[in-house]
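Me: I would like to go through this structure with you and check each label against its definition. Could you take my questions one at a time?
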Amino acid sequence: RDTSVTGVQTCALPIFAKEGIKLGYKTLVLQSGEDSYYTTDVLCPVISEIKKNDVAITLSIGERSTEEYEAFKNAGADRYLLRIETTDKELYKKLHPNMSFDNRIRCLNDLKNLGYEVGTGCLVGLPEQTISSLADDILFFKSIDADMIGIGPFIPHPDTPLKSEQNPKNFDMALKDRKSTRLNSSHRCIS
């Protein structure tokens, strides 16, 4: 990256983007999770450079401010992936004690209001999750008019506090939840 005399940042097309475009990919995903290094100053020039090649850009970079989402959209981002994981507010708090459920909802609403195609989703088989909360997840996806919905089984990592929470029925339950979501939101991309 360099800064021209005018102070406008420019960047070269990233290697992964060049290769993806050369291979015929029509969508490129920039994914970092909740990494604060990737500010608008870092990402907007990259997004703009990639967008010059007539590809869709999907971001998966976590919770941001409304202004940041707007800057990314103005730079050329088309889609945004941000999983809700669960719409059970108390369960969300237990799983993410340092995060805000209400802020997560705010983020998803901001993204829709700014015109992004929004992808969200849930984990199935979380400790203390109920069938009722899974049903609420499905209704939530419809209420925010999610464009993409990802549903997968909760698989705990052995080096986490939830390592003993493995349930062999999670996979089957995730498939059932996915089927129910398809019945409720048949026109969406559901995986």
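Me: Gladly shown, thanks! How much space lies in the largest pocket?

Reply: About 320 Å³ of space lies there, where a volume is the space filled by probe spheres set on grid points joined across faces, edges and corners. A word on the basis: this is a predicted model, in which local features need pLDDT of at least 70 and side-chain atom pairs count only at pLDDT 80 or more, while totals for chains, interfaces and linings use all residues. Residues are numbered from 1 along each chain as its sequence is written, and side-chain values use heavy atoms, with hydrogens and water left out.

Me: What makes a set of points a pocket, and which residues are the closest to the centre of the largest pocket?

Reply: On a 1 Å grid over the protein atoms alone, a pocket is an open set with protein on both sides within 12 Å along at least five of seven lines, and lining residues have an atom within 4 Å of a point. The largest pocket is lined by 17 residues, and S60, L81, L82, R83 and G119 are the closest to its centre. β6 (117–124) and β7 each give two or more residues to this lining; helices (H or I, at least four residues) and strands (E, at least two) are DSSP runs, numbered from the N terminus.

Me: How is the lining of the largest pocket divided by class?

Reply: Five residues are nonpolar, eight polar and four charged. Nonpolar here covers Ala, Val, Leu, Ile, Met, Phe, Trp, Tyr, Cys and Pro, charged covers Asp, Glu, Lys and Arg, and the others, Gly among them, count as polar.

Me: Why is the contact between K51 and D78 called a salt bridge?

Reply: A salt bridge is a side-chain nitrogen of Lys or Arg within 4 Å of a carboxyl oxygen of Asp or Glu. The N to O distance between the side chains of K51 and D78 is 2.6 Å, so the pair meets the definition. K51 lies in helix α2 (residues 40–51) and D78 in the loop between α3 (66–75) and β5 (79–81), so the bridge ties together parts that are 27 residues apart in sequence. The whole structure has 13 salt bridges.

Me: Why is strand β4 described as largely enclosed?

Reply: Five of the five residues of β4 (residues 56–60) are buried, so the rest of the structure largely encloses this strand. Both faces are covered: A56, T58 and S60 are buried on one side, I57 and L59 on the other.

Me: How do you know that β3 and β4 pair?

Reply: Two strands pair if DSSP finds at least two bridges between them. Five bridges join β3 (residues 27–31) to β4, and the two run parallel, so they pair by that definition. L28 has I57 as its bridge partner in β4.

Me: What makes the crossover of β3, α2 and β4 right-handed?

Reply: With the strands pointing away from the viewer, a right-handed path from the first strand over the helix to the second runs clockwise. β3, α2 and β4 make a right-handed β-α-β unit.

Definitions and conventions
1 Å grid on protein atoms, 1.4 Å probe; cavity = no way out; pocket = protein on both sides within 12 Å on 5 of 7 lines; lining within 4 Å. Buried < 20%, exposed > 50% of the residue type's maximum accessible area, 1.4 Å probe, protein only.
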